[in-house]
Amino acid sequence: MSENRLKRKKLIAKLFTKNRLVILNEDTFEEIFSFKLNVMNVFISVTIGAILIIIFTTYIIAFTPLREFIPGYSSSKLKKDATELALKSDSLSTALKKNEAYIKSIQRVLTGDLDYAKFNKDSILVETDEAPSKVDLSASKEELDLRKDVAKEDKNDQNSQSKKKAKKH
């Protein structure tokens, strides 16, 4: 134990031992400036400097348009334009389907396949409306088996917990 304490004291002494950093002119040996330093001061200064550089870089990337040059980031204008174009293409495809149905109905009237009395633009547009697709939401056999197994496990857990409580009292 005293050996560890001795090693710690030596380490602390090395960290806080004062050293002098002197910058000299090589030709005249004139002292330009000097610092009194210890290892701990240098370590703290370097650590604080590194943290400040990281914070500054993060700030520049996060809050300036510079982030658009980093792969994976896209500009907000680009995202907005893509959303608008997706909405426009969706509405154009819907309008195209309605126009195609209308043209087909007119062709049927002109060829005589459809009576004029039945020809109505509103009834044509109703035909183009897409009904939502039917999805089977009923549980499969595997899912029902899993539900039964989980219910049994829950029942067993509740029984074991009630037995533990009964033993405590």
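This is a predicted model: local features need pLDDT of at least 70, side-chain atom pairs count only at pLDDT 80 or more; totals for chains, interfaces and linings use all residues.

**Salt bridges along the helices**

Analyst: Let's begin with Arg147, which has a relative accessible area of 49% and therefore counts as partly exposed.

Now look at what Arg147 does with its side chain. Arg147 forms a salt bridge with Glu143, and their closest N and O atoms are 2.7 Å apart. A salt bridge calls for such a pair of atoms within 4 Å, so this pair qualifies. Glu143 is partly exposed too, at 34% relative accessibility. Both Arg147 and Glu143 belong to helix 5, where four residues of spacing amount to about one turn.

Helix 5 spans residues 141–168, and it also holds Lys141 and Asp145. The side chains of these two meet in a salt bridge, with 3.5 Å from N to O. Lys141 and Asp145 are four residues apart, which means about one helical turn separates them.

The structure holds three salt bridges, so one remains to be visited. That one takes us to helix 3, residues 76–111, where Asp81 and Lys77 lie four residues apart, about one turn of the helix. Their closest N and O atoms are 3.1 Å apart. Lys77 is exposed, with a relative accessible area of 58%, and Asp81 is partly exposed, at 29%.

For a contrast, turn to a nonpolar part of the surface. Leu21, Ile23, Ile32, Phe33 and Phe35 make a nonpolar patch of about 450 Å². Strand 1 (19–24) and strand 2 (31–37) each give at least two residues to this patch, and strand 2 provides the largest share, with three residues. Ile32 sits in strand 2 and is exposed, with a relative accessible area of 54%. Patch residues need over 30% relative accessible area, so Ile32 passes that cut-off.

How do the two strands go together? Leu21 has Phe35 in strand 2 as its bridge partner, and both residues are members of the nonpolar patch. Between the strands of this hairpin there are six residues, and Phe29 takes a positive phi near 55° in the hairpin.

Definitions and conventions. Residues are numbered from 1 along each chain as its sequence is written. Side-chain values use heavy atoms; hydrogens and water are left out. Patches are made of residues with over 30% relative accessible area and no salt bridge: like charges are joined within 9 Å, nonpolar side chains (Val, Leu, Ile, Met, Phe, Trp, Tyr) within 5 Å. Accessible areas come from the Shrake-Rupley method with a 1.4 Å probe; for residues, only the protein chains shown count as cover. Buried means under 20% relative accessible area, exposed over 50%, partly exposed in between (1.4 Å probe, protein chains only). Two strands pair if DSSP finds at least two bridges between them.
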